[in-house]
Amino acid sequence: MTTTVIRNVDWVVGWDEKAGRHVYRRGVDIAFDDNTIIFVGSNYPGDAERVIDGTDRLVLPGLIDIHSHPQHEPLYRGVREEHGVRNMHMTGLYERSQAFSAPDDEARAASAEFAYCELLLSGVTSLVDISPAWDGWIDLFARSGLRGFLAPGYASARWRLDNDYRLKFEWDEARGRAGFETALALIDRAVRHPSKRLSGVVSPMQIDTCTAELLRDSGDAARERGLPLTVHVAQSVSEVHEIIDRHGKTSVQWAREIGILGPQTILGHGLFLDTHSWIRWWSKADLGLIADSGCSVAHCPTPFARYGQIMENFGDYLRAGINMGLGTDTTPHNLVEEMRKAAVLARVAARDIEAVTTADLLHSATVGGARALLRQDLGRIAPDAKADLVVVDLTVPQMMPVRDPVRSFIYHAADRAVRDVFVDGRQVVADGKVLTLDQAAAATRLARAQRRMLEAAPQRDYRGRSADEISPLSLPLAD
Ligand SMILES: [Zn+2]
């Protein structure tokens with residue numbers, strides 16, 4: 001057993017169990033044995049093999065990202081930031097996923113390694129990775145040092161466009177079934193991984209691309225295993241209209257009717273509820289149904305904000321009693337930026353400075369995510385919690401003056417101030433460098449993979465367009 005102590009930390013985000021919230025603590029020691037925190041308080045009395053000086057440091061609980069797609073989103077850098085389709089209520093999801101997808105496993109590996117580095121460097125220690133099952137995933141994840149919740153995705157249908165205004169579905173139920181079996185086998189392998197840092201999330205991909213039977217069986221499989229279930233629900237206007245067309249009710253209401261809402265369920269996005277100004281459906285029941293069922297919502301503001309869409313609003317979800325977590329649906333894989341955007345956009349949506357607080361967002365990015373993942377031992381700095389810690393440097397200019405270091409971190413410095421990261425008691429970032437993976441090498445492979453993806457676009461796009469026609473450069477290229 002190896003004991004590490006971080007001595008006399010200037011500022012600690014500690015956990016007040018009785019109040020159920022994070023609190024600032026000053027000048028305390030944090031000690032951990034192997035992978036578990038054993039002491040938070042003044043003057044740790046025991047011996048330690050490793051002593052770290054906590055002067056000029058803020059120590060935060062490791063951040064928990066409950067929604068990401070690392071195997072392809074980095075391939076979209078420079079492609080998707082301004083890509084959307086006006087005739088599909090601004091979303092570019094359907095056109096983009098038809099024209100551009102990870103061309104091969106080499107691309108997936110490069111993309112995932114690159115994203116894992118970004119996540120670690122911004123203080124994420126636990127990650128829900130929603131990706132199709134691919135070879136090498138478990139090994140790469142284990143190597144990253146992250147705490148992994150692998151969510152192999154599957155679906156009974158594929159989206160297909162013949163034009164830019166009607167979303168169509170190509171159904172293949174046998175494929176969905178086979179994907180489900182493959183996913184469960186992969187999850188069971190992850191759970192058994194000797195690192196004990198890996199787990200799984202049952203992940204039928206979207207409410208509109210899975211049959212009711214596949215969704216129900218997915219819910220049963222999650223409950224049998226004691227694991228979370230995640231599914232994209234209410235992520236686009238087209239999706240909600242499609243479900244109303246099929247079933248006469250909203251996506252959230254249909255999800256409830258088929259029995260997949262519950263405390264183990266994480267709704268991917270849950271943005272377009274019946275109360276949303278872009279939906280305005282008469283029922284006005286979705287928010288209450290999510291709250292009553294005990295579901296969590298994975299909020300990822302960045303991709304939606306880029307389309308001109310916002311959650312209406314994060315504060316109302318919290319006050320309805322919904323457990324809110326955060327995710328990085330796209331690049332940058334930076335959960336600190338997601339906290340900042342979620343706070344600002346909630347206030348814009350509500351026209352109210354008191355819609356949410358910074359503490360609300362930090363809670364969601366830590367304890368909220370832990371609850372969604374059914375884990376009481378994550379997202380907090382307290383004895384018996386896992387030693388997942390982020391050490392922030394208070395001397396970087398964007399952190400100064402240090403009156404309120406969480407505000408400095410979220411609104412100003414973000415990943416620039418992350419110095420060291422520990423996951424399961426093991427140091428995975430030191431002096432702002434990832435120790436476990438090679439981001440520069442992954443970036444070279446990622447750039448080649450992106451070229452392969454872009455070259456394939458004309459064969460995949462419904463109008464046979466080139467990548468530059470689908471997503472023109474932001475500035476014209478001069479002769
Ligand atoms: Zn997603």
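Hi everyone, let's start with S296, which sits in strand β15, residues 296–299; strands here are DSSP runs of E with at least two residues, numbered from the N terminus. A quick word on the source: this is a predicted model, where local features need pLDDT of at least 70, side-chain atom pairs count only at pLDDT 80 or more, and totals for chains, interfaces and linings use all residues. Residues are numbered from 1 along each chain as its sequence is written, and side-chain values use heavy atoms, with hydrogens and water left out.

Back to S296: is this serine buried or exposed? S296 is buried, because its relative accessible area is 2%; buried means under 20%, with a 1.4 Å probe and protein chains only. Its side chain makes a polar contact of 2.8 Å with the side chain of N323 (a pair of N or O atoms within 3.5 Å, one able to donate a hydrogen and the other to accept it). Beyond neighbours within four places in sequence, S296 also touches residues including T265, I266 and A372, where contact means heavy atoms within 4.5 Å.

Now, the metal. Which residues hold the zinc ion? H67, H69 and H232 coordinate zinc through NE2, and D329 through OD, at 2.0 to 2.5 Å; donors are N, O and S atoms within 2.8 Å of the metal, or 3.2 Å for Na, K and Ca. Along the chain, the spacing reads H-x1-H-x162-H-x96-D. Distant parts of the chain are linked here: H67 in strand β6 (residues 63–68) and H232 in strand β13 (residues 229–233) are 165 residues apart. H67 counts as buried because its relative accessibility is 0%, and H232 does so at 5%.

How values were computed. Helix = DSSP H or I, 4+ residues; strand = E, 2+ residues; numbered from the N terminus. Buried < 20%, exposed > 50% of the residue type's maximum accessible area, 1.4 Å probe, protein only.
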